[in-house]
Amino acid sequence: MKFSATPKEQLEIVSTGAADVVSHDELLKKLEKSYETNTPLTIKLGADPSAPDIHLGHTVVLQKMRQFQSLGHQVVFLIGDFTGRIGDPTGKKKTRPALSEEEIRLNAETYKAQVGKILDLDKAKIVFNSEWLEKMTFADVLKLSAQYTVARMLERDDFEKRFKSQTPISVVEFMYPLMQGYDSVALHADVELGGQDQTFNLLVGRELQRAYGQAPQVTITMPILEGLDGKEKMSKSLGNYVGINDEPSQMYGKILSIPDELMIKYYELLTDLSVSELKAIKEEIPNRPKEVKMRLARQITAQYHGSEAANNAEAEFEKIFGKTGDGLPENIEEVELSAPAEGVTLQKLLTVTELASSGGEARRLLQQGGIKVNQIKETNGQKTYNSGDELIVQAGKRNFKKIILK
RNA sequence: GGAGAGAUGCCCGAGUGGCUAAAGGGGGCAGACUGUAAAUCUGUUGGCUUGCGCCUACGGUGGUUCGAAUCCACCUCUCUCCA
């Protein structure tokens, strides 16, 4: 193993864009030692197997991981299967169901396929924490628990909030940071990466490593990426996410809909532009916001689907929404239905094709002018269609269906 | 173990016997405006229904009543204080 970049150069590369590094000094020392002894550092990143679909928010940390990888370090991708198998009792309604081994296997495979778009999996190590957590005895667990106090646990932001607002916190939840920290012990991690919201957990890892006689890991946290709404953290449950498996046209459109203020952050965290390129973009934004945003959408789409697909996505977007286009997407999902002799009402068609989730929803859309049939606004839900009719129905801005009645 | 408080629609939260499918806010959806952005404004937001209307819903199960989210009993869960 030969490192092409000096420790100082490495330090600069990996700390760029990070929200926090604990600490720079320790990191530099580790990098120096690894450089001198020609030993790659072990870089840990944990993943939760309950949500196998990766979105752009997850990629922020993965990009950082890739930097370490291309600098020649050993990245370890840890899948928290043990944790997933236990489930999370927090919140009576949101109880995370315990996953079966089969589900976890499947999720892990899905994960790998997606992570592989960013990391070089041939050079990465993939581990499951059940490997060591499962074998721990109760005595081991007690020893582990003894390393941390309740008061310190309550320092964690969300615990503190919940404690103050008198919402339940189960004891198991206190175990999560400990388990995660113990993973670092088991892996002898030199560096752990995570989102900024993971800061506490990563720091627990340092404490535990010390307690178990190891040199504490350096923690690098990345800023949290806001989702499409520009307010909340990008997450699947909030629906404000861009999945890396999203269709190119979808991905392109979604990115274009982010608030302007977010553009630069997206450039910083989701693309691989240099500091000087970023600076140029920053200056361009006030003058040509639309162009800059389009370029962003194209660039990110290209990262996951190739530049050809990105260009097509842009062309299609223009076709639908641009001034020159005809307002229709390239490919519209076709639905064939057989119509009864007396015909079908438009309202019925909307619910059957799931353009509207219920009859009430369909009525509302019609009433509010959210429905177009063959590009003409239609407010009469009672209008009937018969077999032989072909119609393109649009619900809202971007839901299209081509309905063929037989 | 003892004493007290509480559980309402996607979320928060009002509502203490009929006018409550349930105030208000958030979120969502749609429209206007735009650059499919943000901000703003408007409308809408349980299900079935063109409509009349019907059904389901206020932690669970029973009960009181012509009538209950609202009263009673028991149960489940959560929080607070004391031990």
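This is a predicted model: local features need pLDDT of at least 70, side-chain atom pairs count only at pLDDT 80 or more; totals for chains, interfaces and linings use all residues.
Student: Which domains does the assignment give for chain A, and how far apart do the C-alpha centres of domain 1 and domain 2 lie?

Tutor: The assignment divides chain A into domain 1 (7-222), domain 2 (248-321) and domain 3 (334-405). For domain 1 and domain 2, the separation of the C-alpha centres is 30 Å.

Student: How many residues does each of these two domains bring to the contact, and what area is buried between them?

Tutor: Domain 1 contributes nine residues to the contact and domain 2 contributes seven residues. Carbon and sulfur atoms give 62% of the area buried between domain 1 and domain 2, and that area is about 750 Å².

Student: Which three residues supply more than any other three of the area that domain 1 buries against domain 2?

Tutor: Together these three supply 57% of the area that domain 1 buries against domain 2. They are Leu-56, Gln-63 and Lys-117.

Student: How many salt bridges and how many residue pairs in polar contact does the interface of domain 1 and domain 2 hold?

Tutor: The salt-bridge rule finds one across the interface of domain 1 and domain 2. For polar contacts, both at pLDDT 80 or more, the number of residue pairs across this interface is two.

Student: Which helix gives the largest share of the side of domain 1 that touches domain 2, and what is the make-up of that side by class?

Tutor: Five residues of that side come from helix α3 (residues 56-70), which is the largest share. By class, the side of domain 1 that touches domain 2 comprises four nonpolar, three polar and two charged residues.

Student: At what N to O distance do the side chains of Asp-272 and Arg-66 meet?

Tutor: A salt bridge requires a side-chain nitrogen of Lys or Arg within 4 Å of a carboxyl oxygen of Asp or Glu. Asp-272 and Arg-66 form such a salt bridge, with an N to O distance of 2.7 Å.

Student: How many residues apart are Asp-260 and Lys-293, and where does each lie?

Tutor: Asp-260 and Lys-293 form a salt bridge whose closest N and O atoms are 2.9 Å apart. Asp-260 lies in the loop between α12 (248-256) and α13 (263-270), while Lys-293 belongs to helix α15 (residues 289-305). The pair thus links distant parts of the chain, at a separation of 33 residues.

Student: Why is one side of β7 and of β10 left without a neighbour in the sheet?

Tutor: The open sheet has five strands with mixed pairing, in the order β7-β13-β12-β9-β10. One side of each of β7 (334-337) and β10 (376-377) has no neighbour in the sheet because both stand at the edges, each with a single partner strand.

Student: Where is the cis peptide bond with omega near -15°?

Tutor: Ser-23 is placed in the loop between β1 (20-22) and α2 (24-37). The cis bond runs from Val-22 to Ser-23.

Student: What phi values do His-188 and Asn-374 have?

Tutor: His-188 is in the loop between α10 (171-187) and β5 (191-195), and Asn-374 is in the loop between β9 (371-373) and β10. Neither is a glycine, yet phi is positive: near 50° for His-188 and about 50° for Asn-374.

Definitions and conventions: Residues are numbered from 1 along each chain as its sequence is written. Chains are lettered from A and ligands numbered from 1 in the order in which they are written. Side-chain values use heavy atoms; hydrogens and water are left out. Domain bounds come from an automatic or database domain assignment. Contact means heavy atoms within 4.5 Å. Buried area is the accessible area (1.4 Å probe) that two parts lose on being put together, summed over both. A polar contact is a pair of N or O atoms within 3.5 Å; within protein, one must be able to donate a hydrogen and the other to accept it, and residues adjacent in sequence count only if both atoms are side-chain atoms. Helices (H or I, at least four residues) and strands (E, at least two) are DSSP runs, numbered from the N terminus. Ala, Val, Leu, Ile, Met, Phe, Trp, Tyr, Cys and Pro count as nonpolar, Asp, Glu, Lys and Arg as charged, and the others, Gly among them, as polar. Two strands pair if DSSP finds at least two bridges between them.
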